[in-house]
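Subject: Structure handover

Dear colleague,

I am passing the structure below to you, and my notes on it follow directly after. Please read them with the model open beside you.

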Amino acid sequence: MKFKVCGLFDEKNIFNVAKLNPDYIGHIFWEKSVRYVKGDTPQINNCKKTGVFYNSNYDFISKKIENHKLKCVQLHGDETPELCQKFLDLNIEVIKSFRIDQNFDFEILNDYMNKCDLFLFDSKSKLPGGTGKKFNWELLKKYKLKKEFFISGGIGLDSIDSLNRLVDMNLPLYGIDVNSKFEDEFNIKIIEDLITFKEIMDNEI
């Protein structure tokens, strides 16, 4: 089970999170986010450095890939399959995110099957992420594709039982993406809580 920590912007916090050896670390490049990366980001060799974008154009994303030496992009808005393909062609890993509620049409995913490496399923809300809210994972019973995916949205230390139930659904779950449930009031990740979660994840999920 892969582990992704998203919403990192503070250099000291980034280095401290990296010591936990998550598989991915996520930096948000959407200006309206409280976790928006305003400056440089350090190079971390043991984690896949991921840029999270929301309805950004190709040139903007490409510039961030170059400046921050990103290995992966997470496209969290209404990006087209064609845009996803452009980054695959650059040998950049592509995670295409979808915000799920009871009205989500899973047929949409068919157009992206060969245009990204992974899906990510998050909660639908007015904001595109980091809301701390979990969607009804039972909806994923409608997911019939073989493409692996990250699960995201409101995952915290109290989510272990729910995650185990999700695993029991025998879906192609690739990894767990955490963000706001592991933060203090300044949106800095709480290392002790991440350590606890990762230990539980490694032993129980």
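Rings of Phe, Tyr and Trp (its six-membered ring) are taken as a pair if their centres lie within 6.5 Å, and planes under 30 degrees apart count as stacked, over 60 as edge-to-face and the rest as tilted. This is a predicted model, in which local features need pLDDT of at least 70 and side-chain atom pairs count only at pLDDT 80 or more, whereas totals for chains, interfaces and linings use all residues. Residues are numbered from 1 along each chain as its sequence is written, and side-chain values use heavy atoms, with hydrogens and water left out.

Aromatic rings

Searching the whole structure gives 18 aromatic pairs. In one of them, the ring centres of F106 and F121 are 6.5 Å apart and the planes stand at 70°, so this pair is edge-to-face. F106 belongs to the loop between β5 (93-100) and β6 (118-123), while F121 is in strand β6, so the pair ties together parts that are 15 residues apart in sequence; strands here are DSSP runs of E with at least two residues, helices are runs of H or I with at least four, and both are numbered from the N terminus.

F121 also forms an edge-to-face pair with Y143, with 5.3 Å from centre to centre and 75° between the planes. Here the partners are 22 residues apart, F121 in strand β6 and Y143 in the loop between β6 and β7 (149-151). Both F106 and F121 are buried, a term that means under 20% relative accessible area, with exposed over 50% and partly exposed in between (1.4 Å probe, protein chains only). The relative accessibility of F121 is 0%, and Y143 is buried as well, at 3%. Ring pairs join F98, F104, F106, Y112, F119, F121, Y143 and F149 into a cluster.

Charges over rings

A charge is said to sit over a ring if NZ of Lys or CZ of Arg is within 6 Å of the ring centre and within 35 degrees of the ring normal. The charged end of K86 is placed in this way over the ring of Y58, 5.3 Å from its centre, and K134 lies over the face of W137, 4.4 Å from the ring centre.

N13 is found in helix α1 (residues 11-18) and is buried, with a relative accessible area of 6%. Apart from neighbours within four places in sequence, N13 is in contact (heavy atoms within 4.5 Å) with L8, I188, K189 and I191.
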